[in-house]
Amino acid sequence: MNSNTRGRSRIRGAAMWLLLLELRTPLITLIITYSISVLGLVLIPGVTPEGVVYHLSFLDAFYLVSYTATTIGFGEIPHPFTPSQKLWMLFVMYSTVIAWLYSIGSVLAVLSDPAFRHLRSYQRSVSRIHGIKYPYWIVCGYGGAGSQLIRFLDQSGIRCVMIDSNVTRADSARLSDLSYELDILVGDVAEPQTLVDAGVQRALCRGMLALTDQDQVNLTVATNTRILAPRVPVYARSATDANTRNLRSFDTEVVVDPFRVAARSVTQLIRKPNAFALYHELVDPDLNQIEVVDIPASGHWIICATGRMAETMVEAFVREQIPFCLVSSKAPGSQGDWSWIQGVGTEAQTLREARISEAVGLVAATNDDGDNLSILLTAQAENSKLITVARRNKPTSEPVFGQGHFNYVLREGRIIAQEMYARITTPLLHQFLGQLEIMPEALVDGIIEKLNVRLSGERPELAHFDLTLDGDEAPGVIPFLQTAMAPKLGDLLVDPGLDHPSMPLICLLLVRLNGDLVPFPGDGLQLEEGDRLLLWGAMGAHHRLHFLVRREDLFETVLSTRR
Amino acid sequence: MNTQRVWFAFFIVLALTLNFGFFVGEIDNPHHHNPYEFFFALVVSLIATVLKIGDRSHLGAVLLATSLVADLQLIAAAVMWGYATQVTGEVSVGVMASVVSLAGGAMLANVTSVVLLIAETIQLKR
């Protein structure tokens, strides 16, 4: 604690001290020229128009020098000057005006010095961050993932503090359209002091998100946070397996490897399209519809990728036993019962070698956006029924990928943001996603079907939220839990309006107080105090549910009239 | 020998000596207190203040504080004296006594400054 406050005051006073140090010489010059000028004026005798000899008072002299130095020049007071006074005034004029301009110039030079301005804006950010009254997450790196995640979290009412070393990126962060003013610190995240300045040691800090595109930097952020603030969870991006293992070795809470997630997403899309659609609706606040892609069961896939993307894709496809053919300019590291074709895939000839006409789908995942688009367009010309998966590398290429009619676009930043968002917003969602991974596809289909029945043919925007059955969140339900009325899950999903129709909501997961998980519970499940529910359905339905669980009389009517 | 340290000590000690020179004499007798000496005491005190800026140690902070106290006292005395001469037109015995006592206060601050300077110098290991 002690060292913390000292560190902060060091930063806070620095700009002021820098200014004063720079001003030492100009100030002394100014004092000396002023005093010599004043003294001279007082010592040199003047003559009144009546011919009486007099001396200027210190007040008159100081007044005269002040207006001369600042080039205001009120004139000769209190009487016209004698030649000797005029001679001295000549000296006064040139010396004080020069000293004055020199001092003012020094002040302006210091104030407009880029380093000084950076220091001052840094200090302002630090003091603003340390005055924040609400909980916040610290985001390191405002790249694709950082900007997307900050926006996602804002939609859930979670605020962030951003650190980036790049001034241009920080400026673009300032322009981002958020519901609050984002606090931005321009500094090197690899330095521990930057993390302290960003408020990692404050009680209100909820977590550290290391999202820079350099593994080494993310690793440094994670280790520094572990030591500076052991209670703060660290979520890190990692692009290699070695780095992932390294991060996990000191219990980094969440490590997201965009390559592995991308490969998993693509195989999930092929093998479990329903789970894929449900997963993306839940983890992406921008997707509010269930869109299931119809994938033909048989046929092979073509993967155009290089480097680590090719490795992880091949690994995932082999694991899921999806037949495929790899198009890559370099020979792959591993071999198996799949074929490799040398080339980029931008030429029709290469794709024909990979039997494009018989293929089900194509994954264009090279690390060049131009190549990916070229591959996709060539492939679509060769086989119009092809399922297309595109990889977008640069956020600036978004317009073409967004309009390109591809079945699925892999965006690295968005993938990372989705993964982390699911873990940050509600722990229930994360638990459900774990269940979703191992859930059979038929059951997921059943979940979507059940919601569709409840939505009765409409296609509203979808959202999920959680509810805890305790005195705070559901005071209307608690009194009935131990009685003979025995409220069931189905009683909650009832619209408190006329005739009690069912609400367009379903329960995805129920967690008992003792930690037992009930995935996709039926309507007949008995409720207990302390249950936590993950509900999913039409956006806005949660207002009606919250209304119901708060009103004891309303819930009693629902219970007594249930069918 | 460090030139900067010489100037530093020179101005701090000079501020005290000039201040003392102005202060000695009958407290309410204008003839015992030279306005030029007062002028120099004020100027030197201001320079000493500027020289003390920038030392961020604890001792530096205290030195700066004593200097600021001396400046404040001397400027108050100057304003009082100037007001009596220029606006009221006469320097009464009471005004003179106030001016000199304010300067006396400034002298105490300057004494503290010099004592701290000496204490620091003695602590220095050769």
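Q: How far does the confidence of chain A reach, and where is it lowest and highest?
A: Start with confidence, since this is a predicted model. Where pLDDT is low, the predicted coordinates should not be read in detail. Chain A averages a pLDDT of 87, and 97% of its residues score at least 70. The lowest mean, 58, belongs to helix 1 (residues 2-22) of chain A. Strand 3 of chain A has the highest, at 94.

Q: Which residues of chain A stay under 50 in pLDDT?
A: Residues 1-10 of chain A do. For that stretch the model has four contacts beyond four places in sequence.

Q: How is chain A divided into domains?
A: Domain 1 of chain A covers 2-112, and domain 2 covers 132-256. Domain 3 is written in two pieces, 262-274 + 287-412. Domain 4 covers 460-560. The C-alpha centres of domain 3 and domain 4 of chain A are 43 Å apart.

Q: What elements make up chain B, and in what order do they run?
A: Count the elements, then read their order. Chain B has four helices and zero strands. From the N terminus the order is α-α-α-α. The C-alpha trace of chain B spans about 55 × 25 × 20 Å along its principal axes.

Q: How many of the residues in chain B are buried?
A: Of the 126 residues in chain B, 34% are buried. Look also at how far apart in sequence the contacting residues are. Among contacts in chain B with a separation of 6 or more, 70% join residues 24 or more positions apart.

Q: At what angle do helix 2 of chain A and helix 2 of chain B cross?
A: Take the angle between the two axes, each pointing from N to C. Helix 2 (residues 24-43) of chain A and helix 2 (residues 35-52) of chain B cross at roughly 170°, and their axes come within 9 Å. Angles over 145 degrees count as roughly antiparallel, so helix 2 of chain A is roughly antiparallel to helix 2 of chain B. From chain A, the contact uses A:R24, A:L27, A:I28, A:I31, A:S35 and A:L39. From chain B, it uses B:F39, B:V43, B:L46, B:I47 and B:V50.

Q: Which residues of helix 9 of chain A are buried?
A: They are A:V217, A:N218, A:T220, A:V221, A:A222, A:N224 and A:T225. These buried residues pack against strand 3 (136-140), helix 8 (192-197), strand 6 (205-210), strand 7 (234-237) and helix 10 (241-249) of chain A.

Q: At what angle do helix 9 and helix 10 of chain A pack?
A: The angle is about 0°, with the axes of helix 9 and helix 10 of chain A 10 Å apart. Helix 9 and helix 10 of chain A are therefore roughly parallel. Helix 9 makes this contact through A:D215, A:L219 and A:A222, and helix 10 through A:N243, A:N246 and A:L247.

Q: Which residues does a cis peptide bond join?
A: Most residues other than glycine have a negative phi, and most peptide bonds are trans. Here a cis peptide bond joins A:I77 and A:P78, with omega about -10°. A:P78 is in the loop between helix 3 and helix 4 (83-112) of chain A.

Q: Where is A:Q321, and is it buried or exposed?
A: A:Q321 is in the loop between helix 13 (307-319) and strand 10 (324-328) of chain A. Its phi is near 55°, a positive value in a residue other than glycine. A:Q321 has 8 other C-beta atoms within 10 Å; 12 or fewer counts as exposed, so A:Q321 is exposed.

Methods:
Residues numbered from 1 in each chain as written. Chains lettered and ligands numbered in written order. Predicted model: local features only at pLDDT ≥ 70, side-chain atom pairs only at ≥ 80, totals over all residues. Helix = DSSP H or I, 4+ residues; strand = E, 2+ residues; numbered from the N terminus. Buried ≥ 20, exposed ≤ 12 C-beta atoms within 10 Å, placed from the backbone. Contact = placed C-beta atoms within 7 Å. Domains from an automatic or database assignment. pLDDT = per-residue confidence, 0-100. Axes fitted to C-alpha atoms, helices over the stretch in contact; angles between N-to-C directions. Parallel < 35°, antiparallel > 145°, perpendicular 65-115°, else oblique.
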